[in-house]
Amino acid sequence: MKSKCSWTVCGFGAGWSFSMIVQRSRGFFRRVLGAGCLGWTVAAVWTASAVTETIPIPNGSFESPATAFVDTRIDSWQKTPKPVWYDETQGLWDQLTGLFKNTDPGSPDHIHNCDGDQAIWLFAVPEVGLFQDYETVDWDDSAPTHAFDARFEVGKSYQLTVGVIGGTGGMKEGVSLQASLYYRDAASNRVVVAATNIVYTRAQFPNATNLVDIELQVPTVQAADPWAGQHIGIQLLSTVGFELAGGYWDLDNVRLTAKAAALVQPGFLDNRFGFSIDSEPGLRFEILATTNPSLPLAQWTSLGTVTNASGMVRFTEPAPAPGTRFYRARQLP
């Protein structure tokens, strides 16, 4: 797939102008700049992955199966197993999670920012939860469907976002819920990569009609990380203690995004070419250049290193570089 756009930049240096063509092809951007007054061209090539990628989550908005009121069946998500201590004379374990249809817009309990028509409840009882990964099975599957087929990719960071309402059903302040991203080890154990503990307070959850977005970050995946290349799992788990148990959470709109570093904003200043690096804050990069992009990276010229402290950092050639040049930013440990 190819896309092209062009524009003209004027007034640099001695007043010369140039046009820039951006071409996307085979995962690379190619910037070709023709400077008619100077009589030379510069090309910058870099990976052209989108800065932010949305990862589809099967039934992430809990719209399936459709219900006219409530349903304890939840497609694509597996419920945590009943612990040995739980006494079902208090209520069936399977009924501690389920989905419900949002009320009509004119109702006083209508969730005004519900994504779609449905959400789920999750009781504030220890170990109640839902999880989903490549190997999970839901209420009517005897074997995994492998519908959620996403992996932790080296060079990408991840963000999980969940809409949450706390405080319903007489919930006490201090009740906790954990959202996490995990992978499965060789024994199929769920190993948490990152987690956030959501604690109910009236200040954070002032009403039952507005979902509050809770976010969880996973830093850029390194090749040496045990979860690199492993399938991603998502878990929503009640972590309340027995002394505070009671009430229930409403949850909706589970979202997952990945972000990869990208080179953006190319241009000239005083005849020197430069660009910005858009990435997770705190990463270090080595800037490499060559006139022959087919060479192995070991034979590219190092132009120095930069640290992206804020999420966007600028690199500019140390000296004017006529001719054709190709650039890459290589992440450092």
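Which residue in β16 is the bridge partner of Phe123? The partner is Tyr248.

1. **What the model is.** This is a predicted model: local features need pLDDT of at least 70, side-chain atom pairs count only at pLDDT 80 or more, and totals for chains, interfaces and linings use all residues. Residues are numbered from 1 along each chain as its sequence is written, and side-chain values use heavy atoms, with hydrogens and water left out.

2. **Overall make-up.** The protein chain has zero helices and 22 strands. Both are DSSP runs, numbered from the N terminus: helices are H or I with at least four residues, strands are E with at least two. Of the 333 residues, 44% are buried. Buried means under 20% relative accessible area, exposed means over 50%, and partly exposed lies in between (1.4 Å probe, protein chains only).

3. **Surface and contacts.** The accessible surface of the chain is about 16100 Å². Carbon and sulfur atoms account for 52% of that surface. Such areas come from the Shrake-Rupley method with a 1.4 Å probe; for residues, only the protein chains shown count as cover. Now take contacts between residues at least 6 apart in sequence: 67% of them join residues at least 24 apart. Contact means heavy atoms within 4.5 Å.

4. **Strand β16 and its partners.** Strand β16 covers residues 248-260. Two strands pair if DSSP finds at least two bridges between them. β16 pairs antiparallel with β5 (residues 52-55) over four bridges. With β9 (residues 118-123), the antiparallel pairing also has four bridges. With β11 (residues 156-168), there are 10 bridges, again antiparallel. Look at Ala258 in β16: Glu53 has Ala258 as its bridge partner, and so does Tyr158.

5. **The largest nonpolar core.** A nonpolar core is a set of buried Ala, Val, Leu, Ile, Met, Phe, Trp, Tyr and Cys residues joined through side-chain atoms within 4.5 Å. The largest one has 47 residues. Tyr158, Leu160, Leu181, Trp249, Leu251 and Val254 touch the most other members. Elements giving two or more residues are β9, β11, β12 (176-184), β13 (190-199), β14 (212-218), β15 (233-238) and β16. β16 gives the most, with five residues.

6. **A second core.** A separate core holds 14 residues. Among them are Phe273, Ile287, Ala289 and Val313.

7. Gln235 is in strand β15. Is Gln235 buried or exposed? Gln235 counts as buried because its relative accessible area is 8%. Its side chain makes a polar contact of 3.2 Å with the side chain of Arg190. A polar contact is a pair of N or O atoms within 3.5 Å; within protein, one must be able to donate a hydrogen and the other to accept it, and residues adjacent in sequence count only if both atoms are side-chain atoms. Leaving out residues up to four places away in sequence, Gln235 touches Leu130, Phe131, Gln178, Ala179, Ser180, Tyr182 and Arg190.

8. **The sheet β17-β18-β21.** These three strands form an open sheet in that order, with antiparallel pairing. The edge strands, β17 (262-269) and β21 (312-316), each pair on one side only. Neighbouring strands are turned by 20° against each other on average, direction ignored. Axes are lines fitted to C-alpha atoms, for helices over the stretch in contact, and angles run from 0 to 180 degrees between N-to-C directions. Five bridges join β18 (residues 272-278) to β21. Ile277 stands opposite Val313 in β21.

9. **Gln265 on β17.** Gln265 lies in strand β17. Gln265 counts as partly exposed because its relative accessible area is 48%. Its side chain makes a polar contact of 3.0 Å with the side chain of Ser276. Gln265 and Arg314 are 49 residues apart in sequence but 9.0 Å apart in space, C-alpha to C-alpha. Beyond neighbours within four places in sequence, the contacts of Gln265 include Gly274, Phe275 and Met312.

10. **The sheet β20-β19-β22.** This open sheet also has three strands, in that order, paired antiparallel. Its edge strands are β20 (301-308) and β22 (326-331). Neighbours are turned by 25° on average, direction ignored. β19 (residues 283-290) and β22 share six bridges. Leu288 stands opposite Arg328 in β22.
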